[in-house]
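The sequence and the structure are shown first, and the description follows.

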Amino acid sequence: MKLTTVTINIVGMHCTSCAMNIDFNLEDLGGVKDVHTDYARQKSTVTFDPDIITPKQMIAEITKLGYEAVIKQ
């Protein structure tokens, strides 16, 4: 298994509970191994198996929660 890490910029978090909500939802996705969402920095760092899930799918999940998300370049 080859793990990859991506940083996702997130707009719309208002508190640490928002960050925890994103973490819990991403952790439930298959292929996601570790998530850390930082409310103060407005970003998530996600370690995942690219054979199982893509960053596009993670962004779709974050968007469903009501936040804007883009891959940090």
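T4 is found in strand β1; helices (H or I, at least four residues) and strands (E, at least two) are DSSP runs, numbered from the N terminus. T4 is partly exposed, with a relative accessible area of 27%. Here buried means under 20% relative accessible area, exposed over 50%, and partly exposed in between (1.4 Å probe, protein chains only).

Leaving aside residues up to four places away in sequence, T4 touches V46, T47, F48 and P50, where contact means heavy atoms within 4.5 Å.

## Basis of the model

The model is predicted: local features need pLDDT of at least 70, side-chain atom pairs count only at pLDDT 80 or more, and totals for chains, interfaces and linings use all residues. Residues are numbered from 1 along each chain as its sequence is written, and side-chain values use heavy atoms, with hydrogens and water left out.

## Overall fold

The chain has 2 helices and 4 strands, arranged from the N terminus as β-α-β-β-α-β. Its C-alpha trace spans about 35 × 25 × 20 Å along the principal axes. For 73 residues, a compact globule would have a radius of gyration near 11 Å, and the value of 11 Å for the chain agrees; the radius is taken over C-alpha atoms, and the globule rule is 2.2 Å times the number of residues to the power 0.38.

Of the contacts between residues at least 6 apart in sequence, 64% join residues at least 24 apart. Buried residues account for 36% of the 73 residues.

## Nonpolar core

The largest nonpolar core holds 18 residues, of which I8, I10, V46, M58 and I62 touch the most other members. Such a core is a set of buried Ala, Val, Leu, Ile, Met, Phe, Trp, Tyr and Cys residues joined through side-chain atoms within 4.5 Å. Two or more residues come from each of β1 (4-11), α1 (16-27), β2 (32-38), β3 (43-48) and α2 (55-64), and α1 gives the most, with 4 residues.

Not counting residues up to four places away in sequence, I62 touches I8, I10, I22, L26, Y67 and A69.

## The loop residue Q42

Q42 lies in the loop between β2 and β3. This residue has a positive phi of about 60 degrees although it is not a glycine. Q42 is partly exposed, with a relative accessible area of 23%.
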